[in-house]
Amino acid sequence: MKPNQLKEYYRKGVVMVVQLTPFKYGSEELDLEGLKMNTEFLVEASKKGPLVLTPAGSTGEHYTLNDEEYKKVLKTVVDIAGGKVPVVPGAGHSGTKVVIEKARYAQDIGADGVMVVLPYYHVPTEEGLYLHYSKLCQSIDIGVVIYNNSDVSKIYMKPHTLRKLAEEFDNIVAVKENTPNVAMLYDQIRKCGHKVPILQGRGEWWFGLTAHLGVRGYISGYANFMPDLCLEMHHAGLNKNYDKLFEIMRKIEVYEDFISEMGRKYGPSTTILPPPYVDHYMVYPVMKATMDMLGLRGGSMRLPLVNLKDEDKKKLEDIVFSKLRLEKIKN
């Protein structure tokens, strides 16, 4: 898709699937066959509603991939998607030059856009933040999704900077907005939503909470293995069917409670960020274990993140099949 088409696609509303990267147990070797299988499953699911595939983002453990692996992951997903569903891979880095190199590679292999998190590690000035994205937009012809995530970057792009970028560069097609502050989210929608679609970046529960504010969809890890339910939730939110929306929220509470329980068990986290900012990352091994149970390829985490223990997988299995009532994927 050209950037204007991709922006319109986002504006109509999407579930943006942040794909998990499967690694083989023991060796932590990249499992490309597993990634192909997972992507084929999502391409089929996209026939039921608007998905965007995002490999090599935070959920895809992009920071553990070397350059060769990163390229293999992107190429695999783009090739399997085959133009049937938009692919907008993560291309984040703390340095602008590297971001541009990653984005150009994504463009060269046929990706529809890139999702770029705010520059992290060293905190830039506001001018540096603006130049980071303006240089990127000038360097590629595909769409750019700004990932406004203070959890990992220690900075936050305020509405006046976002609006300036969106007004100057037509290839800014959406914003993945991750603030846990509802007032700040609404401020972004009110001041910038007419220029660029704003997506709820914190997942299902937060989409349910903020759908009425005008977010145009949400970012989902759960859609890796239950895309039908995630699309159903998306449809309910955009159509203001709040009874259905809260019904789905209540249905997945048992899964989210288990994730919180695992965070307490495997913690405490070493983060300095207080809740509701990220205080653990156990959601990723829980989702990978769920995919394995369903017949997809979740696979292993890469260190320093750890896998679930077998005793916890047994409890998760009961939640997946008895509480969520998910069914195994027929290959």
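The expected span of a helix is taken as 1.5 Å times one less than its number of residues. In the predicted model, helix α12 comprises 12 residues, 283-294. The distance from its first C-alpha to its last is 17 Å, close to the expected 16 Å. Helix α12 is largely enclosed by the rest of the structure, because 10 of its 12 residues are buried. These buried residues are Y284, P285, V286, M287, K288, A289, T290, M291, M293 and L294. The elements that cover them include α2 (32-45), α11 (242-266) and α13 (310-323). After α12 comes G295, which has a positive phi, near 100 degrees.

A helix pair is formed by α3 (residues 67-81) and α4 (residues 96-108), which pack at an angle of about 35 degrees. Their axes lie 10 Å apart, and the crossing of α3 and α4 is right-handed. On the α3 side, the contact involves Y70, K71, L74 and K75; on the α4 side, K102, Y105 and A106 take part. Classified by residue type, the contact of α3 with α4 contains 4 nonpolar and 3 charged residues, with no polar ones. Residues three or four places apart in an α-helix point the same way, because there are 3.6 residues a turn.

In strand β4 (residues 143-148), attention is given to N148. The relative accessible area of N148 is 2%, so this residue is classed as buried, the cut-off being under 20%. Leaving aside residues up to four places away in sequence, N148 touches L118, Y156, M157, V175, K176, E177, N178, T179 and Q188.

Technical notes:
Residues are numbered from 1 along each chain as its sequence is written. This is a predicted model: local features need pLDDT of at least 70, side-chain atom pairs count only at pLDDT 80 or more; totals for chains, interfaces and linings use all residues. Side-chain values use heavy atoms; hydrogens and water are left out. Axes are lines fitted to C-alpha atoms, for helices over the stretch in contact, and angles run from 0 to 180 degrees between N-to-C directions. Helices (H or I, at least four residues) and strands (E, at least two) are DSSP runs, numbered from the N terminus. A crossing is left-handed if the near helix is turned anticlockwise from the far one by less than a right angle, and right-handed if clockwise. Contact means heavy atoms within 4.5 Å. Ala, Val, Leu, Ile, Met, Phe, Trp, Tyr, Cys and Pro count as nonpolar, Asp, Glu, Lys and Arg as charged, and the others, Gly among them, as polar. Buried means under 20% relative accessible area, exposed over 50%, partly exposed in between (1.4 Å probe, protein chains only).
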